[in-house]
Amino acid sequence: MNLKKHLMICICLLFMGFSFSILSKDLTISGEDLSSNNIEKNEELEKLKIEYEELQARRREEDIIEKNRVQSVSYLRENVTVISEITEEEMKEVLINTTGSKTMVHLAGAFVECEKKYGVNAFFMAGIVALESGFATSRRAIEDNNLTGYEVYSDSSEGRLFSSHQESVLHTARHLSNNYLKEDAIYYKGLSVDSIQLNYCPDEGEDKRWEEKVDYLARNFLHTYDNLFRSSKS
């Protein structure tokens, strides 16, 4: 049973106990003494009051924890292993309210799972998908379920075929975690977007500015989060 339901039950029971106490006094005055049950009822009422106060304290504590989580949601260009701790519902709202991103709403859970399973920031992953697949609308996204440019080394590359969009996102996050973001990994250059770019999307003599574009998109998602959840709760 969740805390809110538990609180409501306690409130109802307290109200019933209070009503019974008033009724008992009225009956005693009218000559029908129910004092034999009063002691037990009062003890139950006191227990309910104590439980209610404890639940209220827990509720206040949880509210503080949640407020702190919302305030700490983040994305860092310098370190994409610093997870945002955004929730799936919040990510859905961010994607719905960021220009051009509604086509990625179905990926909200996958972005959050990237953090939980592989420790890769959700905003960063959303930035990669937005850039590499045109917000999940590119030909490769539609035909191959490839949202991240995985194994796409040139315009003529076939790239990896995935069974679903979600698989593409999670596979890429695992690839980044195992091969880019560990000090002994084959492609490790650091934990920043710029370090990942060196091997994930090398410029090959042309300034594609992959790292700047991904960073811009990720920061834009975070800006939407600020407007939706932090401005109203500050």
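Helices here are DSSP runs of H or I with at least four residues, and strands are runs of E with at least two, numbered from the N terminus. With that in hand, let's look around this predicted model.

Going by those runs, the chain has nine helices and zero strands. Walk along the sequence and the pattern reads α-α-α-α-α-α-α-α-α.

Some figures for the whole chain come next.

| What | Value |
|---|---|
| Buried share of the 234 residues | 38% |
| Share of contacts with a separation of 6 or more that join residues 24 or more positions apart | 57% |

How do α5 and α7 cross? Helix α5 covers residues 122–133 and helix α7 covers residues 165–179; their axes come within 11 Å and cross at roughly 120°. That angle is why α5 counts as oblique to α7: angles over 145 degrees would be roughly antiparallel, and 65 to 115 would be roughly perpendicular. As for handedness, α5 passes α7 in a right-handed crossing.

Which residues do the meeting? On the α5 side you'll find F124, M125, I128 and V129, and they meet V169, T172, A173 and L176 in α7. Sort the residues of this contact by type and you get seven nonpolar, one polar and no charged.

Key: Residues are numbered from 1 along each chain as its sequence is written. This is a predicted model: local features need pLDDT of at least 70, side-chain atom pairs count only at pLDDT 80 or more; totals for chains, interfaces and linings use all residues. Side-chain values use heavy atoms; hydrogens and water are left out. Axes are lines fitted to C-alpha atoms, for helices over the stretch in contact, and angles run from 0 to 180 degrees between N-to-C directions. Angles under 35 degrees count as roughly parallel, over 145 as roughly antiparallel, 65 to 115 as roughly perpendicular and the rest as oblique. A crossing is left-handed if the near helix is turned anticlockwise from the far one by less than a right angle, and right-handed if clockwise. Contact means heavy atoms within 4.5 Å. Ala, Val, Leu, Ile, Met, Phe, Trp, Tyr, Cys and Pro count as nonpolar, Asp, Glu, Lys and Arg as charged, and the others, Gly among them, as polar. Buried means under 20% relative accessible area, exposed over 50%, partly exposed in between (1.4 Å probe, protein chains only).
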